[in-house]
Amino acid sequence: GVGDNAGRWLAVVVSPHRVVRYTRHNTSKEAAGVGRGLSRRAPARFPMKPSLSFDALTLHAVVDELRAGFSGARVQRVGLIDEWSLTLELYASGQRASLLISADPHAARVCLTRERPDRGSEKVTPFLLLLRKYVRDGRIERLTQPPLERMLELRVSKRDDEGSSSEVGLIIEVMGRRSNAVLVAQDGTIMDALRRASAEKNPIR
């Protein structure tokens, strides 16, 4: 070993597997002091983005609120807030509210708000065009949440200019990084989704 009179070497380590450099110190006290200073000042290398917890019971409470105040509501407007979020403006029995639907991997949620959310995106996507065609000016016929599932389906009916009625489903999945909003036809055919995934990227979903 190396004696005290020859000085001490302190390994400056920023992770369990990586040594950045070695620093020589004349005494063990100096080496210990540097080590303590590093432990106080070293920041987290990979700070985690906080996530919003949204479970099946929370979604059930939202469904109860929708059924109580907006069963049979008319969808007056649809819009995109950002690439992961959309809003439906609902009107029923003299009440108006916006249903916020977010598939953000870190903040997926469904909630009612009395304030109209600001549109952060003017981008018109194929999904938004389909919502305007099949959901806007339609009426919410049914709200379905499978027991203990973080999934909600809105069944929306709408009459075209010729008086024919059609029905679509908007399936909302609040499942963290797998969250999505999917528009399906009356027979269950998928028309489009808020978040698309190719077969190569995700062959299951």
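Which side chain meets that of Glu167 in a salt bridge?

## Glu167 and Arg142

The partner is Arg142, at 3.1 Å, N to O. This comes from a predicted model. Glu167 sits in strand β9 (residues 165-173) and Arg142 in strand β7 (residues 139-144), so the bridge ties together parts 25 residues apart in sequence.

Glu167 is buried, because its relative accessible area of 16% falls under the 20% cut-off. Arg142 counts as partly exposed, at 44% relative accessibility.

## Glu89 and Arg116

Glu89 also forms a salt bridge with Arg116 through their side chains, at 3.1 Å, N to O. Strand β4 (residues 85-92) carries Glu89, while Arg116 lies in the loop between β6 (109-113) and α3 (126-134). The pair therefore links parts that are 27 residues apart in sequence.

Is Glu89 buried or exposed? Glu89 is buried, with a relative accessible area of 4%. Arg116 is exposed, because its 52% relative accessibility is over the 50% cut-off.

## Glu89 and Arg96

The side chain of Glu89 also meets that of Arg96 in a salt bridge, at 3.4 Å, N to O. Arg96 is partly exposed, with a relative accessible area of 41%.

## Network and total

Which residues do shared partners join into one network? They are Arg77, Glu89, Arg96 and Arg116. Side chains of opposite charge can pair when their charged atoms come close.

The structure holds eight salt bridges. Among them are Glu167 with Arg142, Glu89 with Arg116 and Glu89 with Arg96.

Conventions: Residues numbered from 1 in each chain as written. Predicted model: local features only at pLDDT ≥ 70, side-chain atom pairs only at ≥ 80, totals over all residues. Heavy atoms only, no water. Salt bridge = Lys/Arg side-chain N within 4 Å of Asp/Glu carboxyl O. Buried < 20%, exposed > 50% of the residue type's maximum accessible area, 1.4 Å probe, protein only. Helix = DSSP H or I, 4+ residues; strand = E, 2+ residues; numbered from the N terminus.
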